[in-house]
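Here are some notes to read with the model open beside you.

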Amino acid sequence: TAEDIDVIAPQVRLERYGAGEVVQRTGAVPDGMRYIVSGVAALSAPVDGGGEIVIAGLDRDDVIGLTALTRQAAAARVVATADLAVLFVPVAVLDGLVKTRARLARDIGQEIDNRRQLARTAFERAGFVVPRDSRMIT
């Protein structure tokens with residue numbers, strides 16, 4: 001709502017990343033969610049034996065840092081593949097929003113499930129064993 005924007009706007013910030021910059025590190029607990037405003041990024045995860053597999057490309061309106069609300073470390077990494085602009089929303093703001101908006105909490109849960117499926121599919125297509133780690137999201 002308009003009231004929400006007035007309350008939230010001073011607490012969010014625009015972040016910019018250049019191609020090749022890491023937006024989310026594997027093993028880091030996200031300090032908030034980042035909503036892509038423009039640009040593209042690659043979501044990838046480590047594989048046994050070294051290296052990593054690209055799970056998905058992320059672009060406008062995709063979210064980085066889905067595990068922020070659960071305070072879990074992300075098992076995937078996000079790297080800007082072109083100039084990237086994201087709107088950063090801190091955990092404290094997200095906590096307040098999901099407490100009063102059950103639909104928002106459900107939407108985030110659904111996106112977490114979607115990311116798990118993307119990871120599962122990417123690992124299977126590449127011939128790797130699908131990790132049991134339920135944090136295979138970001």
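This is a predicted model: local features need pLDDT of at least 70, side-chain atom pairs count only at pLDDT 80 or more; totals for chains, interfaces and linings use all residues.

1. Let's begin with Glu15, which sits in strand E1, residues 13-17. Is Glu15 buried or exposed? Its relative accessibility is 10%, and it counts as buried because the cut-off for that class is under 20%.

2. Which side chains does the Glu15 side chain meet through polar contacts? Arg13 is one partner, at 2.9 Å. Tyr17 is another, with a contact of 2.7 Å. The side chain of Arg34 also makes a polar contact with that of Glu15, at 2.7 Å.

3. Leaving out residues up to four places away in sequence, Glu15 touches Arg34, Leu84, Ala85, Val86 and Phe88. Take Leu84 as an example: 69 residues separate it from Glu15 in sequence, while their C-alpha atoms are 8.2 Å apart in space.

4. Now turn to Arg34, which belongs to strand E3, residues 32-38. Arg34 has 7% relative accessibility and is buried, because that value falls under the 20% cut-off. Besides the contact with Glu15, its side chain makes a polar contact of 3.5 Å with the side chain of Tyr17. A further polar contact, of 3.3 Å, links the side chains of Arg34 and Asp31.

5. What else surrounds Arg34? With neighbours within four places in sequence set aside, the residues in contact with Arg34 are Arg13, Glu15, Tyr17, Val23, Asp62, Val63, Ile64, Val86, Leu87 and Phe88. Val86 and Phe88 are also among the residues that Glu15 touches.

6. Next, please look at the largest pocket, which has a volume of about 260 Å³. Its lining consists of Thr1, Asp4, Ile5, Ile8, Val12, Tyr35, Leu87, Val89, Leu94, Leu97, Arg101 and Leu104. By class, nine of these are nonpolar, one is polar and two are charged. Leu87 is a link back to the previous point: it lines the pocket and is in contact with Arg34.

7. Which elements build that lining? Helix H1 (2-8), strand E8 (84-90) and helix H2 (91-100) each provide at least two residues. H1 makes the biggest contribution, with three residues.

8. Finally, the aromatic rings. The model has one aromatic pair. Phe123 and Phe128 form this pair, with 6.4 Å between ring centres and 75 degrees between the planes. The pair is edge-to-face because the angle is over 60 degrees. How do the two partners compare in burial? Phe123 is buried, at 2% relative accessible area, whereas Phe128 is partly exposed, at 33%.

Technical notes:
Residues are numbered from 1 along each chain as its sequence is written. Side-chain values use heavy atoms; hydrogens and water are left out. Rings of Phe, Tyr and Trp (its six-membered ring) pair if their centres lie within 6.5 Å; planes under 30 degrees apart count as stacked, over 60 as edge-to-face and the rest as tilted. Buried means under 20% relative accessible area, exposed over 50%, partly exposed in between (1.4 Å probe, protein chains only). On a 1 Å grid over the protein atoms alone, a cavity is a set of points where a 1.4 Å probe fits but cannot get out, and a pocket is an open set with protein on both sides within 12 Å along at least five of seven lines; lining residues have an atom within 4 Å of a point. Grid points are joined across faces, edges and corners, and a volume is the space filled by probe spheres set on the points. Helices (H or I, at least four residues) and strands (E, at least two) are DSSP runs, numbered from the N terminus. Ala, Val, Leu, Ile, Met, Phe, Trp, Tyr, Cys and Pro count as nonpolar, Asp, Glu, Lys and Arg as charged, and the others, Gly among them, as polar. A polar contact is a pair of N or O atoms within 3.5 Å; within protein, one must be able to donate a hydrogen and the other to accept it, and residues adjacent in sequence count only if both atoms are side-chain atoms. Contact means heavy atoms within 4.5 Å.
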